[in-house]
Structures are given as C-alpha cells and as structure tokens.
Amino acid sequence: MKPVNQKAWLLILPVVLCVAFSAILPLMTVVNYSVQDIISPERRVFVGLDWFKSVLRDDDLQGALIRQIGFSFAVLVVEVPLGIALALSMPAKGWHASAVLVLVAVSLLIPWNVVGTIWQIYGRSDIGLFGAAIARLGINYSYTGSARDAWLTVLLMDVWHWTPLVALLCYAGLRAIPDAYYQAASIDGASKLAVFRYIQLPKLRGVLMIAVLLRFMDSFMIYTEPFVLTGGGPGNATTFLSQYLTQKAVGQFDLGPAAAFSLIYFLIILLLCFILYNWMQRVGTADKTEAGHG
Amino acid sequence: MARIDLDLAHAYKPNPRGDEDYALLPLQMSFADGGAYALLGPSGCGKTTLLNIVSGLVKPSQGGVKFDGVDVTKRTPQQRNIAQVFQFPVIYDTMTVAENLAFPLRNRGVAPDRIARRVGQVAEMLELSGQLNQRAAGLAADAKQKISLGRGLVREDVSAVLFDEPLTVIDPHLKWQLRRKLKQIHHELRLTLIYVTHDQVEALTFAEQVVVMTRGRAVQIGTASELFDRPQHTFVGHFIGSPGMNFLPAQAAESGLEVAGHRLGVAPEATRGKGPLTLGVRPEYLRLAGAGSQGALPAVVMQAQDIGTYWLLTAQVAGGDSLVRARLSPHEAIPKVGETVWLTVLGPRTCFYGQDQQRVGETAP
C-alpha cells in the first residue's frame, strides 16, 4: 500500500467550491424543480418522474429536437469545410495576412442580437440588399413567409457569423505546420491535393476537433439570432430547442416541465459531444492500425 | 545522377549592400557525379542555404545552378529530381511505414510491383522491415528519421541525395550505425550525396570531400587529411581538430623569424618578405624540445589535463600572453604546472597565414 496524502484534498477545495456555486448548486435547483409541480411560490407538489415522461412525449418538443439536430448538422457540414477552405486561401505573411485576419474576424465581434437585426434588414425583399437582390433575380423569397426561406436565412446567418471562427482556428493550425513538411512533400513530388490530404488535414485534426465541438455546442444552444430574425416562425419552422425551452420556462412559467426538459437537453449535448469527441479521436489514429493488422 | 556546378551568391534580403547582407558570398563549386560531400561549418555559416539552393527550395539571388551542364536554376526540386532529408524527421502521420516509403514513388506513378520491391529493399537496408505495417506516427524519433532517410533513398534515379544534419535527433550509438549505413549505401549505389553538418567527426568520416564554410564563404574544399595538415584558412585550422590549431603572431625579418616576441634563427622560405604573419601549428605537432633548440619557444605550463589517451598541455609563451595547446603522448614525461618548457613550433607541418587569413607560401594542391 502506498501512503496516501490526504492533505491533497485541501488543494482542490477551492475548485470544488467554485464549481459547486457556479454549476452544481444551480443544476441541483433545476433537478429540484424537475420533480415537483410548482403551483405558486408557496405551494408545490412532488410528482416524481412525471414531468420527464410527459416532456419526452411532447410532440412540439420532439419537433424542436429534430429541427435542432438538423440545424446543427447542417451548420457543421457547411461551416467546417468552408472554414478549412477559407483558412487555406488566406495569405500566410505580410500585411495582407494581418488585413485579412481582421476582416475575417469582424463578424465574430458583432453581438448576437445585432447579427439577428442585421440579417432581418439585409434579408427584407423591399429594402434589404440580399432580399432585394434575390427578388430581382425573379425568385420568390421571404424569410417570414416561407419555412424553407426562413431555414436557409437562419443557416446563412450562422455561416456568416461563425465560419470565421473555424477559419481562424484552422489558420492557426496551418501556421503551426513546420516548413520542412511542405519542403519534404515538394521533394517527394506530392500534388497539392496530396499535401492537403496527408499533411495539412492530419495536422489540423486537433484544431478541427475543437472547432467541431465548439460549433456543435454553440449551434445546439442557438437562441438570440433566430429569435431576433424570425421569432421562431413562420409557424414554428425555426423554433429550436432553447427557444422552445424559454417559451415554457419564462413565457408560460411551467417550471417543472421546463426543468425536466433542461436536464434532458443538457444530457443530449453531453452525449452528442462525447460521441463526436470519441469518433474524431478515432478518425485518423485507428484506421491504419486496423488496416495494418488486417 | 548528375554533376553539379554552382556559380552563385545569395542574399535573403533584397538589395544587399555589404558582405554582411549575404547568406552566401559569391562562390564557384562543383560536385562530381557519384561523390560523397560534406558541407561543414558552424550554425549560420550558410551551409543549409547552399544545400537548399542545390535542391531548388531556395532560388539564388545571383548566378545559377547547373546539373550536367544544364541550367536548372529555375526548376523545382521535383524537376531537378532531388531527394532531401531534413534535420527533424518528416513523416506522413496517417500512413504506415511502408506507405511513407512508397510515397515519393507513388507520386511519380511508378508501377506497384516495382514500388513494393524498392520499399522492401530500402526497409531492409535501414532495418525497418519488421515495422513496415506499423503506423509511422507511433514510432520513436530515430525510427521516424530512418523513414525520412528511406524516403530520400527510395528513388534510384535521383540526381543527388541531400542531407541536412539528418542525425541530430539520433542517439549517439545509432548515429555511428546509420552513418556507416549511409557510407555503405553510397558504395553500393554510387549516388551523389551532399551532407550538411556542424560536426567535424561526422563530416570527416562520411565524406570523400569536405567543404568548410564560415560566414557565407566556402574557405576550403578537401579531404580529411588536407583539411588537417594544410588548412588554407585560419578558420579551417581553428574549426577542424580538437582542440584546434594554435595561432601565434609572427614577423619575417632579415635575420630570421620573430614569433610571439621570440627570435627564431631560421626563417622558412614561405615567410620571406611577407611582413606580419600568423603562424599556425596543430597541437598534435607541437613537441617538447631541449632549451634553446632550433625553432622552439619557451613557454610556462598553465594546465596539464589527462584526456585518457593523451595529455593536453596548455602553456603561455614566455614574455607574452599567447596561449598554446599541445597534445602529448602519456608515455612522455609530463611537465608540471609552472614549469618552463621549450616547444618546437617550426616544423614541416607548420603553416603561415597572411593578414587576409589565407595561407601563404604554398598554393592549394
């Protein structure tokens, strides 16, 4: 038996306290709400897992969940390749590099509700540059009238807002690749595609993992921009999970179901991040080992 | 395979003014087809720049490069058909060892059965056969560097193989092994090999011809014994050997030679009428002599160190502050610290240098 130094616990105490007050206690409050029916501040009834059962059977919620997953998936499919392409085409040094970096980062500096407002005006077919241009092309476009247009506009807005984040991460990853790799590839006669496939992409794995996780979590929690742009409409075509949750908790003051749903929401994000992380860890490290043994 | 002729200068900065702005001062040099060369010099002397100019990674700002008489200055490394191995291992992480070795061939559209045969041969040569199906990313640094070496050697038809300090990351005992391997490969394939290093032992054991460089200048090209016995430049004397050459101020006069304030009766032919000079003599060729012997100087012993196979004597020339080092055999009587000894500085292997640091008297052989 090794001697155990119990004093070590004292050292992690500050962290435990901070996490307790910032995360565990608020979460416990939510857990507390989720098993009770809050009728008024004074009156509450213990209902067990009833809220969880009813929330899981709720059609509106299932609809919002499917829309949410579809949206996050679309965001990743568009933003990650676009971000990589953008990073690859950005200049590596000189004043061009600084200028391009600043330009690319501009959309990241804009507050979320302002992004929603910008696109609300930008997409209007009477006065908005984008909407009017589309209308001029003879396409019947209205993000307030058509569910498809609303979806595309929300997606386009997110791509405009957040692709630069992916691009900046990839840009940093690309700059970290030593010149010797490019020189060796040039001497080995590698094509541009081979350089991308065998040097750049494998070296970007780390930053891409961070980019994918960040964009997934962020898009899964999206609230402000579609709320400002479409208000969740038309109908509930662009009502995503967080907006649905807000309607329930703050709009209708259904604290019990909202709390039960919050927990489920939290677990879904945790689970999907876990799956994504493990999948990306395995991609590029395991495939060849298996091939080698096979 | 090709004969490589260089006639160039290079500055990384545009509009170079003085010599300081040049990474490589104007030089003319040839590498014979099938030779093993080393570029030797301290960090920042321009040896890697020269190597990258030969491979085509760097374009010289003046002059050009010829392969077999054909101007290739504007061609890429690929077009020049050069293989190059870098200081730190470069491997393709997602590939196996075999795929890594096959990569330069696959990119050139070589037939699969020829690739397989060639990869097998190279792996055999570098003792990588057991690891061919492993992922390259998981291997130790020296195995990775062997893969880099292997990728450099896998093509049989290359103009030259260039090595940029390839054994830096390798353990000392493996270094010997790999260097021997490279020599062996050179004998078998007769490829033109150019090897950059700052380690004189590495350069002298590997190469047939060593190019000694300092501050963007190639000061001497020669075999190990030429560099040792007839350094053409004080830098070569100082850089080659351990410890380097002893240098003493000398002045040729009518009646003889004055060295570090002492008048030596004889004056070698080469020094006559040359004015102020520098005398250079290797520690190996300094001998203890009787007091007042011809061509000897008195010096006070400062330090005597036992280096195992020899004694290293450090002495101060009497009446001055010039220090000289001598390698003495352990069988000799080793003088004590503080004793005055006489050391023969004039001998058949003593060299003289003018104020431009170039050797005087004898022209390069």
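Predicted model: local features only at pLDDT ≥ 70, side-chain atom pairs only at ≥ 80, totals over all residues.
In β5(B), which residue is the bridge partner of Phe67(B)? The partner is Val70(B). Residues are numbered from 1 along each chain as its sequence is written, and chains are lettered from A and ligands numbered from 1 in the order in which they are written.

The Phe67(B) bridge belongs to a pair of antiparallel strands, β4 (residues 62-67) and β5 of chain B, joined by 2 bridges. Helices (H or I, at least four residues) and strands (E, at least two) are DSSP runs, numbered from the N terminus. Two strands count as paired if DSSP finds at least two bridges between them. In chain B, an open sheet of 4 strands has the order β2-β1-β4-β5, with antiparallel pairing. Its edges are β2 (24-31) and β5 (70-71) of chain B, each of which pairs on one side only. Helix α1 (residues 47-55) of chain B lies across β1 (4-10), β2 and β4 of that chain. The helix runs at about 125° to β1(B). Axes are lines fitted to C-alpha atoms, for helices over the stretch in contact, and angles run from 0 to 180 degrees between N-to-C directions.

Another open sheet in chain B has 5 strands. Their order is β15-β19-β16-β17-β18, and the pairing is antiparallel. Strands β15 (287-289) and β18 (323-328) of chain B form the edges, each pairing on one side only. The twist averages 50° from one strand to the next. Within this sheet, 7 bridges join β16 (residues 296-306) to β17 (residues 311-317) of chain B. Val300(B) has Gln316(B) in β17(B) as its bridge partner.

The domain assignment of chain B gives domain 1 (4-234) and domain 2 (244-353). Such bounds come from an automatic or database domain assignment. The C-alpha centres of the two domains of chain B lie 40 Å apart. Across the boundary, 4 residues of domain 1 are in contact with 7 residues of domain 2. Contact requires C-beta atoms, placed from the backbone, to lie within 7 Å. The domain 1 side has 1 nonpolar, 1 polar and 2 charged residues. Ala, Val, Leu, Ile, Met, Phe, Trp, Tyr, Cys and Pro count as nonpolar, Asp, Glu, Lys and Arg as charged, and the others, Gly among them, as polar.

Ser148(B) is found in helix α5 (residues 141-153) of chain B. It is buried, with 24 other C-beta atoms within 10 Å. A residue is buried at 20 or more such atoms, exposed at 12 or fewer, and partly exposed in between, with C-beta atoms placed from the backbone. Beyond residues up to four places away in sequence, Ser148(B) touches Val85(B), Phe86(B), Pro89(B), Val90(B) and Ile91(B).

The contact between the chains takes 24 residues from chain B and 18 residues from chain A. On the chain B side, α2 (77-80), β6 (82-85) and α3 (97-107) each give two or more residues. That side has 11 nonpolar, 9 polar and 4 charged residues.

Chain A has 14 helices and 2 strands. Its C-alpha trace spans about 80 × 75 × 45 Å along the principal axes. Buried residues make up 29% of the 294 residues in chain A.

Key: Contact = placed C-beta atoms within 7 Å.
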